[in-house]
Amino acid sequence: MAARTDPYRQLRFILEIEGLVTAGFSRCDLPSATSAVVEYREGADPPTPRKLPGLNEYGPLALEVGVTDRSLELSEWRTLVEQGRMDEARRDAAVVLLDATGTPAARWVFREAWPSRYDAPRLDAMASEVAVERLVVVHEGFARIAVQTGEDEDEEGETDDADDPESERDGGSTPSLPDLDFPVGEGLPQGIDEPRLKATRAGDEASDET
């Protein structure tokens with residue numbers, strides 16, 4: 001008899017944003033990924049146009065969270081965009097779906113994400129409801145990646161967080177994101193040129209050192 005595999009429930013999830021603490025949200029609408037269809041036909045072809053892929057399009061990530069002192073940093077993230085400080089505003093992010101035990105079960109990663117819209121909560125003195133603010137985040141591509149378990153990290157020889165200079169700099173309060181490089185080859189979002197992307201990153205690292 002085949003082993004039973006139940007799907008994960010949607011009610012437990014977290015969001016990881018580079019430079020911000022792991023955040024809990026009451027609602028998270030994951031985007032869709034579509035490719036435009038380009039039709040083409042030559043006179044010698046059958047009377048049906050060819051279907052060629054065009055530009056890849058990625059919808060926005062919509063987030064809702066109850067207003068707290070901690071949620072202020074989300075509004076501050078949006079303020080960076082309004083001030084034109086896009087180098088600081090663009091960040092990698094990940095939405096992590098948790099299983100019944102709170103263990104990461106599925107992960108979607110987003111590159112070059114930034115908040116394009118912030119909606120303040122609607123206030124009503126006659127309503128017994130939580131004040132909820134909404135953030136719409138755009139990005140330049142996303143993909144679902146495999147979740148790495150602790151056993152996988154041990155096999156790969158991952159170093160302890162205590163030896164990680166990034167962890168020391170953050171004081172241990174901000175969890176580090178996994179490597180957000182998208183897989184090479186099939187499924188690479190937006191047809192990203194991996195060699196060119198690596199060359200660009202190498203140039204950025206060299207400029208940071210000087």
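A: Let's start with a term: a residue is buried if its relative accessible area is under 20%, exposed if over 50%, and partly exposed in between, using a 1.4 Å probe and counting protein chains only. Keep in mind that this is a predicted model, where local features need pLDDT of at least 70, side-chain atom pairs count only at pLDDT 80 or more, and totals for chains, interfaces and linings use all residues. Residues are numbered from 1 along each chain as its sequence is written, and side-chain values use heavy atoms, with hydrogens and water left out.

Now for the rings. Phe, Tyr and Trp rings (for Trp, the six-membered one) pair if their centres lie within 6.5 Å; planes under 30 degrees apart are stacked, over 60 edge-to-face, and the rest tilted. One joins Y58 and F142 edge-to-face, with 5.7 Å from centre to centre and 75° between the planes. Y58 sits in strand β4 and F142 in strand β9 (residues 142-145), so this pair ties together parts 84 residues apart in sequence. By the way, strands (E, at least two residues) and helices (H or I, at least four) are DSSP runs, numbered from the N terminus.

Then there's F110 with F142: the ring centres are 5.3 Å apart and the planes are at 15°, so this pair is stacked. Since F110 belongs to strand β7 and F142 to strand β9, the pair ties together parts 32 residues apart in sequence.

L52 is at 37% relative accessibility, so it counts as partly exposed. And D87, in helix α2 (residues 86-89), is exposed, with a relative accessible area of 79%. D87 and E112 are 25 residues apart in sequence, and their C-alpha atoms are 9.7 Å apart in space.
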